[in-house]
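Subject: Structure for you to look at

Hello,

Here is the structure I promised to pass on. Please open it alongside this message, and my notes follow below.

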Amino acid sequence: MEAAPEIGLWRLMAAFGLLLIPLGLSLAVRLGIFRQLLVSAGRMTGQLFLMSIVLLYLFRWDNPWLNVSWVILMIFFACFSAMVNSQLSFGRFFFPVFMAYFIGAGMILLFFNGIIVNYDNMFTARLMVVVGGMLLGNSLNSTIIGISHFYESIKKDNKRYLYLLSLGASQNEALLPFFRDSMLAALKPFMANMATMGLVSLPGMMTGQILGGADPQTAIRYQIVIVLAIFTAVTVSVALSVYFTSRRAFNEYGILKQDLFRN
Amino acid sequence: MNMVEFQDVSLKFGGNRLFDSLSFNLPRGGRLIIQGASGTGKTTLLRMMLGFVLPDKGRILIVGQELNLDNVWEIRQKMAYVSQEMQIGRGRVETFVREIFNYKKNRGISYRRERLLELLEDFQLSEDTIHKKLEDLSGGELQRVAIIVTLLLDREIYLLDEVTSALDQPLKELIVSYFTGLREKTLIISSHDKIWHQQDFSTLNLDKHGSST
C-alpha cells in the first residue's frame with residue numbers, strides 16, 4: 001500500500017472552511033463560542049506545526065538522551081495540564097503527581113518499547129517520542145478524573161469518612177472505599193470505550209497507520225497493544241498519585257487538610 | 001468517672017467565637033441533648049469529642065483520658081458517631097458490615113449474623129436487607145443501617161447528630177425509644193426534633209454559650 005497523499009495548502013484551507021458551519025451556528029443561536037473557537041483552532045494549528053518541526057529534528061538527531069528528556073518534558077506538561085484542569089492545589093500536588101506519572105507512564109513506556117515492540121533501539125525517537133506522547137495524552141484525562149474524584153469525594157462525603165473513622169477504621173481503611181470509587185470513576189469510561197472500539201469508532205492510531213500505508217493486520221495489533229498500555233498506565237498513575245499525595249494530605253488526627261484545594 | 005468532660009473549651013471558627021470556656025460533664029449512662037439554632041456549633045461539638053475538630057483552648061476528656069495525638073485513635077473506639085443523611089458506602093449490607101469488622105482495631109469483636117438480624121428486626125427492617133445494596137436503600141433504611149452497625153460494635157458513647165430529622169414520626173419514636181432503653185450507654189444527641197426534648201434528658205443550650213461577634 002502507498003503512503004497517504006500530501007495535503008496541499010489549498011486543501012488545508014478547505015478544511016478550515018468547514019469551521020464556517022460551527023462559527024455560523026454560533027452566531028445564529030448565540031452559542032458565544034465564536035472567539036474561543038477561533039483561538040482554539042488557531043492554537044491547535046500553531047502547536048501542531050511547531051510539533052512537526054520539533055519532531056523533524058528529534059528524528060534527524062535521534063539522540064536517546066534527548067528523546068528521554070523530551071518525554072520527561074511531556075510528563076511535566078501533562079501534570080501541569082492535569083493541575084490546571086482540577087481544583088487541587090498546585091503546591092501540594094504537583095510533585096507527587098509528577099512522580100506518579102513518571103513512574104506509572106514511564107514504566108509502561110519502557111515495557112512497551114522494550115518488550116512489546118521488539119525494536120533494536122528502544123530509545124529511538126519513533127518509539128520514545130511518538131508512543132510516549134500517545135500514552136501520556138490518552139491517560140491524562142482519566143488520571144485527572146481519578147485524582148480529583150478521590151479528594152473531592154472525601155471533601156464532599158466528609159461525614160462518610162468520619163463515620164468510618166469512628167467505626168474503628170485506620171486512616172488507610174477509611175480511605176479504601178474512596179480509593180475504590182475513584183479508581184472506578186477513572187477506569188469505567190475507559191472500559192466502556194474499549195468495549196465498543198472498532199464498532200463505534202476507528203481509533204486514531206490505527207487510522208493513522210492505515211493511511212500511512214500499513215497493513216490493517218499490523219495496524220490493529222498496534223492499536224490493541226497501545227490501548228492495553230494506556231489502560232495500565234492510567235491504573236498505575238492514579239493509584240500512585242493517590243498513594244503519594246495521601247501521605248501528606250491529612251493531619252495526624254486523620255483529618256483532610258484545608259489547603260488542598262484552590263478556590 | 002465521667003464519660004465525657006469538657007473543661008473550659010474555647011473554639012473560634014471563621015472569626016466567630018463558637019465556644020467560650022465551655023464546661024460540662026456526663027457520667028456513664030448520662031444523656032445529653034445539645035440545643036441551639038443552626039450555626040451555633042452542635043455538629044462541631046460532637047466532632048470535637050471525636051478529635052475531628054481541635055479546641056483552641058481547654059481540655060476534652062473521654063472516659064477520663066485527655067484527648068491528644070497519642071490516644072485519639074484509641075479513644076475513637078469508645079464512641080460511635082452517626083449523622084443525618086449520610087452516604088455510608090456501596091455494595092451489599094452484609095459485605096459492608098464484614099468489612100467494618102475486618103478493621104484491624106475491630107478484630108477482637110466477632111461478627112455474629114444473628115445479632116445483625118435481631119437488630120434489623122428491632123429497627124423494623126426485613127431480614128433480606130442484609131443482601132440488599134446500600135445504594136438501593138431509601139434514606140430512612142440507610143439511616144437505620146448506619147445506626148445498627150454502630151450498635152453491633154457495642155460502643156460506650158453514642159453521638160447522634162440529627163439522626164431522626166429526616167425520618168417520619170413512627171421511625172423517630174422507634175429510634176428514640178430504642179436508645180432510651182439502653183441504660184448503660186452514654187448518649188449525646190444533637191437534634192431539633194421535639195421528640196428527644198420530651199425525654200427526661202439534660203440539655204446544653206448553645207445559644208447561651210459562645211457569643212457571635
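This is a predicted model: local features need pLDDT of at least 70, side-chain atom pairs count only at pLDDT 80 or more; totals for chains, interfaces and linings use all residues.

Residues are numbered from 1 along each chain as its sequence is written, chains are lettered from A and ligands numbered from 1 in the order in which they are written, and side-chain values use heavy atoms, with hydrogens and water left out.

Back to the cavity. The structure holds one of 30 Å³ or more, and about 30 Å³ of space lies in the largest cavity. A cavity here is a set of points, on a 1 Å grid over the protein atoms alone, where a 1.4 Å probe fits but cannot get out; lining residues have an atom within 4 Å of a point. Points are joined across faces, edges and corners, and the volume is the space filled by probe spheres set on them. The lining consists of A:Val71, A:Ile75, A:Ala105, A:Gly106, A:Leu109, A:Gly132, A:Leu135 and A:Leu136. Helices H4 (64-84), H5 (90-116) and H6 (125-156) of chain A are the elements that give two or more residues to this lining. Helices (H or I, at least four residues) and strands (E, at least two) are DSSP runs, numbered from the N terminus.

Next, the aromatic residues. Over all chains there are 19 aromatic pairs, meaning rings of Phe, Tyr and Trp (its six-membered ring) with centres within 6.5 Å; planes under 30 degrees apart count as stacked, over 60 as edge-to-face and the rest as tilted. One of the pairs, A:Phe76 with A:Phe98, is edge-to-face, at 6.3 Å centre to centre and 70° between the planes. A:Phe76 lies in H4 and A:Phe98 in H5 of chain A, so this pair ties together parts that are 22 residues apart in sequence. A:Phe76 is partly exposed at 39% relative accessibility, while A:Phe98 is buried at 14%; buried means under 20% relative accessible area, exposed over 50%, and partly exposed in between (1.4 Å probe, protein chains only). Both belong to one aromatic cluster, together with A:Phe80, A:Phe90, A:Phe94 and A:Phe102.

A:Tyr161 and A:Phe178 also form an edge-to-face pair. A:Tyr161 is in helix H7 and A:Phe178 in helix H8 (residues 171-196) of chain A, so the pair ties together parts 17 residues apart in sequence. Both of these residues are buried.

Which residues does A:Arg160 touch? Leaving out residues up to four places away in sequence, A:Arg160 has contacts with A:Pro177, A:Phe178, A:Asp181, B:Met86, B:Gln87, B:Ile88, B:Gly89 and B:Arg90, a contact being heavy atoms within 4.5 Å. A:Arg160 sits in helix H7 (residues 158-166) of chain A and is buried, at 5% relative accessibility. A:Asp157, in the loop between H6 and H7 of chain A, is buried at 18%.

Finally, chain B has an open sheet of four strands in the order E2-E1-E4-E5, with antiparallel pairing; strands pair if DSSP finds at least two bridges between them.

Best wishes

Notes: On a 1 Å grid over the protein atoms alone, a cavity is a set of points where a 1.4 Å probe fits but cannot get out, and a pocket is an open set with protein on both sides within 12 Å along at least five of seven lines; lining residues have an atom within 4 Å of a point.
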